[in-house]
Amino acid sequence: MRRRRRALAVLTCVFLLAGCNRQQPAPLPPLEELPADYSLEQAKEDGCVVHEDGDIASGQEAWEDFLKASSAGKAAAVRLVNYYTLDDPSRYDPDYYESIKDDYPLLYVSDLTFDGKAYTVSSLEDEERLERTFSCLKYFEAEAETPGAAYDSYIRYVLVNDDAVTWEQLMHGVHSSQFGDYIPFCSVYTDYIYCE
């Protein structure tokens with residue numbers, strides 16, 4: 001019996017040491033220290049949550065870890081990267097397309113943090129740090145809004161200050177903002193489920 005306990009104690013120590021030696025991802029540099037040529041490929045290597053043209057492309061595991069921690073009320077952080085390209089040039093007015101084509105592709109980097117109470121999105125604009133804070137991270141799942149959409153349904157996580165707000169109310173606020181109906185929000189994760 002004593003031998004079994006000793007063997008069990010040794011095995012427990014081995015597993016604990018193995019867990020301690022497991023490589024943790026290196027902390028990402030502050031936004032202000034990112035190189036000017038920070039790329040989509042580097043963002044993926046860094047484990048960022050990457051959206052390409054509005055749809056999740058990489059970093060789902062990092063997002064799940066963030067959700068798990070924040071849902072448990074624990075402090076958490078994740079880096080978000082949004083990458084945009086121009087689609088078919090024929091969909092644009094030719095003069096407008098010529099005026100914007102050299103600006104693409106575009107890459108935006110922001111940090112999402114949860115301090116146990118509120119969510120903050122931080123980004124840089126003209127080397128100035130911008131921060132927006134929200135009280136709720138809301139989950140939306142629904143069918144495509146229009147019959148001709150390329151996707152069947154979607155999943156969205158959106159930062160808001162009213163947990164009862166609907167996606168339709170947010171979109172109505174965007175489209176009628178000139179009437180003062182805009183509801184502050186920030187979409188941080190989108191996964192489109194495409195038609196087969």
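E52 is partly exposed, with a relative accessible area of 26%; in this scheme, buried means under 20% relative accessible area, exposed means over 50%, and partly exposed covers the range in between, as computed with a 1.4 Å probe on protein chains only. The structure is a predicted model, in which local features need pLDDT of at least 70 and side-chain atom pairs count only at pLDDT 80 or more, while totals for chains, interfaces and linings use all residues. Residues are numbered from 1 along each chain as its sequence is written, and side-chain values use heavy atoms, with hydrogens and water left out.

The side chain of E52 meets that of K44 in a salt bridge, with 2.7 Å from N to O. The term salt bridge denotes a side-chain nitrogen of Lys or Arg within 4 Å of a carboxyl oxygen of Asp or Glu. K44 is likewise partly exposed, at 33% relative accessibility. A search of the whole structure finds 6 salt bridges. Another of these joins R91 and D87, at 2.8 Å from N to O. Here R91 counts as exposed, at 63% relative accessibility, whereas D87 counts as partly exposed, at 35%.

A further salt bridge is formed by E32 and R129, whose closest N and O atoms are 2.8 Å apart. E32 lies in the loop between α1 (2–21) and α2 (40–45) and R129 lies in strand β6 (residues 128–134), so the pair ties together parts that are 97 residues apart in sequence. Helices (H or I, at least four residues) and strands (E, at least two) are DSSP runs, numbered from the N terminus. E32 is partly exposed, with a relative accessible area of 46%, and R129 is partly exposed too, with 35%. Together with E131, these two residues are linked in a network of salt bridges.

Attention now turns to the aromatic rings. A pair of aromatic rings is described by the distance of the centres and the angle of the planes. Rings of Phe, Tyr and Trp (its six-membered ring) pair if their centres lie within 6.5 Å; planes under 30 degrees apart count as stacked, over 60 as edge-to-face and the rest as tilted. The structure holds 16 aromatic pairs. The ring centres of W63 and F66 are 5.6 Å apart and their planes stand at 25°, so this pair is stacked. W63 and F66 are 3 residues apart in helix α3 (residues 60–71), a separation of about one helical turn. W63 is buried, with a relative accessible area of 0%, and F66 is buried at 2%.

Y154 and W167 form a tilted aromatic pair, with 6.4 Å from centre to centre and 50° between the planes. Because Y154 lies in strand β8 and W167 in helix α5 (residues 167–175), the pair ties together parts that are 13 residues apart in sequence. Both Y154 and W167 are buried. The charged end of R156 sits over the ring of Y154, 3.9 Å from its centre; this description requires NZ of Lys or CZ of Arg to be within 6 Å of the ring centre and within 35 degrees of the ring normal. Elsewhere, ring pairs link W63, F66, F114, Y119, Y139, Y157 and Y189 into a cluster.

Strand β8 (residues 151–160) also holds S153, which counts as buried at 16% relative accessibility. Leaving aside neighbours within four places in sequence, S153 is in contact (heavy atoms within 4.5 Å) with A142, E143, A144, D191, Y192 and I193.
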